[in-house]
Amino acid sequence: MAAAVLYFLTELLPKRGSKDFDLFLMALCESEQRHVAERLNKWLSDDCSEDAGTFERLQHELRTHYNDKLQFVYTMPWLPTEGFSLKETFVQRRLRLTSGGRKGNEVKMDEILASVGEGRNKRILVEGQPAQGKSTLCQALAFAWSQPDEATENIKSFDLLILLHAGDLRGQDSVGEAIKTHLLPIDCGIPLRQLEKLLQEKNVLLIIDAFDEASTENEMLHQLIEGKRLKHKTLLVTSRPNFLENKQQHFESRFTVEGYNKEEQLEHVKRYAEHQRIDPKPFISMLKEESIIDLCSNPLNLTLLCLLREEDTQLMITRTALYTSIHRIIKQKAAKRLKLIEAEVEESLLRPLYQFAFEAHQKNETVVREKDSKKVKNFQRICQVGYLTNEVIISRLQKEVRFQFTHKTFVEFLTAKHIAEMDREERLNWMQHLRYANCQIWNGLATHDDFNVKQNEPILGFIFGLLEEESAELAEIASL
Ligand SMILES: Nc1ncnc2c1ncn2[C@@H]1O[C@H](COP(=O)(O)OP(=O)(O)OP(=O)(O)O)[C@@H](O)[C@H]1O
Ligand SMILES: [Mg+2]
């Protein structure tokens, strides 16, 4: 009996989260066992304060995790093992303040955290166009915190830095649980209750990346933004634009990531060349080409352009042409690796992949779930093409397996490929659906506040690029 009680107290209850533990204490009180509840509560809080080394241990675990996981940036989907060193290639970003009295001012990355110490600006929003570098910015902040000697003052002032993807919060009962599941080793031995206590007591910076990728069925994310949880901690949320419209007012300061200016483009290509140990001249001259000026302000496109420049000297004029070229390289490499001809790769591996991307995009996700992966028999080979990373265990408790697209922009490009290959009727139907997906009817009038088209702009851009030759069809789409 004693063993069963001990098991219940030490193994079962902690996994259920603090809410359940409090319910358990309440139940004890209500069943005339208040003395047991009080002893238990006192015993547990004594236990917390006694273990003075827990904070240092947690800090150490987080720092080593970030140091191990964040030192590389993985840009090329077909080379998941070859990342760019963050330290060597990272270009400092400028952000523009879009709220408050200093609206319009430009700040450096680290300065977004400057005024939070004074008790204001606890909730910060960083928005940015697709692939403009939001995730890399979060990565750089967490990596800087993991290297205390090199970190700047603002980031150093935080006792704990927690970096999570918005999707990591789904299905969790508390932030502590999400940290245990996604950031700590299973056997680190830090009890959930102590972890939660440290989150309350310490100076914490919580960074949640990619609101746009996981805002649905995510109660905790909304509670954090609304200040219903960890209200007094600093929260930094990133998102693509147009996803947080009705939540903007919860953020004391809002920023957008600015596109690269000329100097930053130059720094980017120089660092790229140095990292690859090649001559920077061809990349520097590439920046002067009129036809690609637009593309160069985006760090992902610029990296892809450098990569293409290494493979080929021909330049790409539009974003669709650039992605089409990258796609072609991926297809060629896959054909070689899998010993197939390119047409076979297209037919048996890429078409199902377009479909997967389309379905993921419909759910505003960037993953393929295990149950969906089983719908096709050659899924493993589809993974080998390079757009999907190998299986990811998202929860150590539930052992759920899913497959991640390397980048949301690629999901959009592949989705657009799927839509471009639909027959005309089906495509127009998709457009109609998009047009009215979020419209609400008030007094018989459709209101367009939540209009879905803006969120789909990147896809629509790609579709127009892919269907360039079919002008009649484009005119029809545009008139919808
Ligand atoms: N500061 C930077 N220095 C150098 N390269 C960068 C930088 N920021 C981004 N990149 C390059 O651009 C790519 C895309 O960046 P990232 O994934 O951070 O964009 P994002 O804004 O999070 O995109 P999404 O909206 O799709 O989530 C990175 O993989 C990297 O190659
Ligand atoms: Mg991102």
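Start by selecting strand E3 (residues 94-97) and strand E9 (residues 253-257): three bridges join them, and they run antiparallel. Two strands count as paired if DSSP finds at least two bridges between them. Helices (H or I, at least four residues) and strands (E, at least two) are DSSP runs, numbered from the N terminus.

This is a predicted model, in which local features need pLDDT of at least 70 and side-chain atom pairs count only at pLDDT 80 or more, while totals for chains, interfaces and linings use all residues. Residues are numbered from 1 along each chain as its sequence is written, and chains are lettered from A and ligands numbered from 1 in the order in which they are written.

**Stop 1: the sheet**

Stay on E3 and pick Leu95. In E9, its bridge partner is Val257. In E4, the bridge partner of Leu95 is Val107. E3 and E4 are joined by three bridges and run antiparallel.

**Stop 2: strand E8**

Select E8, residues 234-239. Is this strand enclosed or open to the outside? Six of its six residues are buried, so E8 is largely enclosed by the rest of the structure. A residue is buried if 20 or more other C-beta atoms lie within 10 Å of its own, exposed if 12 or fewer, and partly exposed in between; C-beta atoms are placed from the backbone.

Show the side chains. Thr234, Leu236 and Thr238 point one way from E8. Leu235, Val237 and Ser239 point the other way.

Strand E5 (residues 123-127) pairs with E8 in the parallel sense over five bridges. Look for Val126, which stands opposite Thr238 in E8. Strand E7 (residues 204-209) also pairs with E8 in the parallel sense, over four bridges. There, Leu205 stands opposite Thr234.

**Stop 3: Leu163**

Move to strand E6 and select Leu163. It counts as buried because it has 26 C-beta neighbours inside 10 Å. Which residues does Leu163 touch, not counting residues up to four places away in sequence? They are Cys138, Ala142 and Ile207. Contact means that the C-beta atoms of two residues, placed from the backbone, lie within 7 Å. Then draw a distance from Leu163 to Asp209. Their C-alpha atoms are separated by 7.6 Å, although the two are 46 residues apart along the chain.

**Stop 4: the nonpolar cores**

Select Leu141, Ala142, Leu161, Ile207 and Ile208. In the largest nonpolar core, of 54 residues, these touch the most other members. Such a core is a set of buried Ala, Val, Leu, Ile, Met, Phe, Trp, Tyr and Cys residues joined through C-beta atoms within 7 Å. H6 gives the most to this core, with eight residues. Zoom in on Leu141. Leaving aside neighbours within four places in sequence, Leu141 is in contact with Ile155 and Ile207.

A second, separate core has 42 residues. Tyr260, Leu304, Ala360 and Val385 are among them.

**Stop 5: ligand 1**

Select ligand 1 and its shell of 23 residues. A residue joins the shell if its C-beta atom, placed from the backbone, lies within 6 Å of the molecule. The closest are Thr75, Gly133, Ser135, Thr136 and Pro299. Helix H6 (134-146), helix H14 (299-311) and helix H19 (408-421) each give two or more residues to the shell.

Colour the shell by class: eight nonpolar, 11 polar and four charged residues. Ala, Val, Leu, Ile, Met, Phe, Trp, Tyr, Cys and Pro count as nonpolar; Asp, Glu, Lys and Arg as charged; and the others, Gly among them, as polar.

**Stop 6: two loop residues**

Select Leu230, in the loop between helix H10 (219-225) and E8. Leu230 is not a glycine, yet has a positive phi of about 40 degrees. With 19 other C-beta atoms within 10 Å, Leu230 is partly exposed.

Finish at Asn364, in the loop between helix H16 (342-362) and strand E10 (367-369). Asn364 also has a positive phi, of about 55 degrees, without being a glycine.
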